[in-house]
Amino acid sequence: EAGFWKKGTAKDDFLFSVEAMSDKFRGRFVSKLRKALPQLPQSLYDKLFKKEWVVYAKTPFGKPEHVIEYLGRYTHKIAISNHRILSIDKEKRELTFSLKDYRKGGQKTTLTLSTKEFIRRFQLHILPKGFTRIRHYGFLSSSWKKEKLPLLQLQLRDKNLAHIVTFATQEKSLHRCCPSCKKETLITLFTFDSRGPPKDYKQIIKDKLECKH
């Protein structure tokens, strides 16, 4: 609040004291409660201040790479992947899946739940209506994308992009590299929409290969 950084004097490696945060949170909570419900008796507030409040604080991430890896689990993956589901017993209505027990150092183990409980836990990972996993900012944000993105594309259309192409080709991209030999380049033979390939997609690919030869 003073407008400058004040270095902590504690020897421990933390930014704020958990005890100090607990007292501060308790004071702010009670203050908001007084404003929202002024009819509550003073005796209730006296009881609240007599109790020791607990604020959960965990160790921060070590590096930016750890933050990206952590967030990536939630932005690009579902709550549980198919390979972790080991068995489904339809008669007992139970499901067994693999997991890591972080209380035991990330040791791999299994857990069996009723199908009802499994679905309940899975639904906890579904975002409420109106929330999205990934939000875009700048000219890709939803409010500016329709206006600014076409404008930027028009500005780039008449530019000499030779220097951009040269820069982009300095290092060979591994995006289309063959995952088997790591040398040859993959060639796109056929593309399809979200509905999947048509029934005769194998024949279409075969015809394209014959045309190339």
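## Strand pairing

Two strands are said to pair if DSSP finds at least two bridges between them. In this predicted model, strand β1 (residues 85-89) and strand β2 (residues 94-101) meet that criterion, running antiparallel over four bridges. D89 is positioned opposite E94 of β2.

Strand β2 also pairs with strand β3 (residues 107-114), again in the antiparallel sense, and this pairing extends over eight bridges. Here D101 stands opposite Q107 of β3. In a regular strand, side chains alternate between the two faces of the sheet.

## The two hairpins

The hairpin formed by β1 and β2 has four residues between the strands, and R93 adopts a positive phi near 60° there. R93 is a residue other than glycine with a positive phi value. R93 is located in the loop between β1 and β2. With a relative accessible area of 61%, R93 is exposed, because exposed residues are those over 50%.

The hairpin of β2 and β3 has five residues between the strands; within this hairpin, G105 takes a positive phi near 75°.

## A positive patch on the surface

The surface carries a patch of positive charge in which K24, R28, K32 and K35 gather. One of these residues, K24, belongs to helix α1, which covers residues 18-36. K24 has a relative accessibility of 51% and therefore counts as exposed.

Note on methods. Residues are numbered from 1 along each chain as its sequence is written. This is a predicted model: local features need pLDDT of at least 70, side-chain atom pairs count only at pLDDT 80 or more; totals for chains, interfaces and linings use all residues. Side-chain values use heavy atoms; hydrogens and water are left out. Patches are made of residues with over 30% relative accessible area and no salt bridge: like charges are joined within 9 Å, nonpolar side chains (Val, Leu, Ile, Met, Phe, Trp, Tyr) within 5 Å. Accessible areas come from the Shrake-Rupley method with a 1.4 Å probe; for residues, only the protein chains shown count as cover. A salt bridge is a side-chain nitrogen of Lys or Arg within 4 Å of a carboxyl oxygen of Asp or Glu. Lys and Arg count as positive and Asp and Glu as negative; His and the chain ends are not counted. The place of a charge is taken as NZ of Lys, CZ of Arg, CG of Asp or CD of Glu. Buried means under 20% relative accessible area, exposed over 50%, partly exposed in between (1.4 Å probe, protein chains only).
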